[in-house]
Amino acid sequence: MNKAIKYMFDVDGTLTPSRQSIDSKFKEFFIDFIKREKVWIVTGSDYSKTLEQLGPEICESVMSVYNCSGNQVRFKGKVVNSSNWKLPDSPKEWLINEMNKSAFPLRTGNHIEERPGTCNFSVVGRNATQEERLLYVEYDTLKNERTFIANTFNYVFGSESLGLHATVGGDTGIDIYPIGKDKSQVLADFNNNDNIHFFGDKMKPGGNDYPLAKANKSGINYHVKNWQETFKILKDI
């Protein structure tokens, strides 16, 4: 007998364009999909952004929403578990220095955003408009700046010092958290042989979907390019 499939979805770049709302036709389809299948949301963003992007009908109908790489968990909109970890001062100062060193010319504010159990760093800043974000995406695609900053951060603040880890997430940010407190931690709520189908757009090493994809040994991972590819795969299913 085939095991029942349990579906997990990243949000930015998987269910929605990065930092934007879900497409209306896809939303209608996905709401119906949730009614028929067991679905979990696993994202690096906080709940307010997830709610803004997906809407309450999705967020409160899925099995649960894992925000901040699983460091905060909600069921029907209510918090059931949350980490109180905060980024120490020394890596925070290091990140500010990296921001100041960047050759990218725009700074929009909110460059270090504290979230439950994690922190998001962005050179351009979380206050950037969509047009400003796209400018940074173009710059980062050319310079590979986020990967360089994340790799250097891991060398400086890795297991032999503060035990922190940085991964590239979304289009403009870097997610930072204690080692092991990445998206793979959500699997503690499941059985080792669960048939989990995980959809994400950052599954290469260094991406914030990679730890969960790597740990999902008994399921299937779908490394998608965008929400349109997710939509097509689900329609085929």
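Biologist: Which residues of α1 meet Trp227, Thr230, Phe231, Leu234 and Lys235 in α8?

Modeller: This is a predicted model: local features need pLDDT of at least 70, side-chain atom pairs count only at pLDDT 80 or more, and totals for chains, interfaces and linings use all residues. Residues are numbered from 1 along each chain as its sequence is written, and side-chain values use heavy atoms, without hydrogens and water. Helices are DSSP runs (H or I, at least four residues) numbered from the N terminus, and contact means heavy atoms within 4.5 Å. On the α1 side, the residues are Lys25, Phe26, Phe29, Phe30 and Phe33.

Biologist: How many residues in the contact of α1 with α8 are nonpolar?

Modeller: Ala, Val, Leu, Ile, Met, Phe, Trp, Tyr, Cys and Pro count as nonpolar, Asp, Glu, Lys and Arg as charged, and the others, Gly among them, as polar. The contact has 1 polar and 2 charged residues. The nonpolar count is 7.

Biologist: What describes the way α1 lies to α8?

Modeller: Axes are lines fitted to C-alpha atoms over the stretch in contact, with angles from 0 to 180 degrees between N-to-C directions. The axes of α1 (residues 24-36) and α8 (residues 227-236) come within 11 Å and cross at roughly 45°. Angles under 35 degrees are roughly parallel, over 145 roughly antiparallel, 65 to 115 roughly perpendicular, and the rest oblique. Therefore α1 lies to α8 as oblique.

Biologist: Is the crossing of α4 and α6 left-handed or right-handed?

Modeller: The axes of α4 (residues 89-101) and α6 come within 12 Å and cross at roughly 150°. That angle makes the pair roughly antiparallel. A near helix turned anticlockwise from the far one by less than a right angle is left-handed, and clockwise is right-handed. The α1 and α8 crossing is left-handed, while that of α4 and α6 is right-handed.

Biologist: Which residues of α6 meet α4?

Modeller: This contact divides into 7 nonpolar, 2 polar and 1 charged residues. From α4 come Ser90, Pro91, Trp94, Leu95 and Glu98. Facing them in α6 are Ile149, Thr152, Phe153, Val156 and Phe157.

Biologist: Which helix gives the most to the lining of the largest pocket?

Modeller: The largest pocket has a volume of about 350 Å³. Of its 16 lining residues, Asp140, Asn144, Arg146, Val168 and Lys202 are the closest to its centre. Helices α5 (130-143) and α6 (145-157) each supply at least two lining residues. With 3 residues, the top contributor is α5.

Technical notes
1 Å grid on protein atoms, 1.4 Å probe; cavity = no way out; pocket = protein on both sides within 12 Å on 5 of 7 lines; lining within 4 Å. Points joined across faces, edges and corners; volume = space filled by probe spheres on them.
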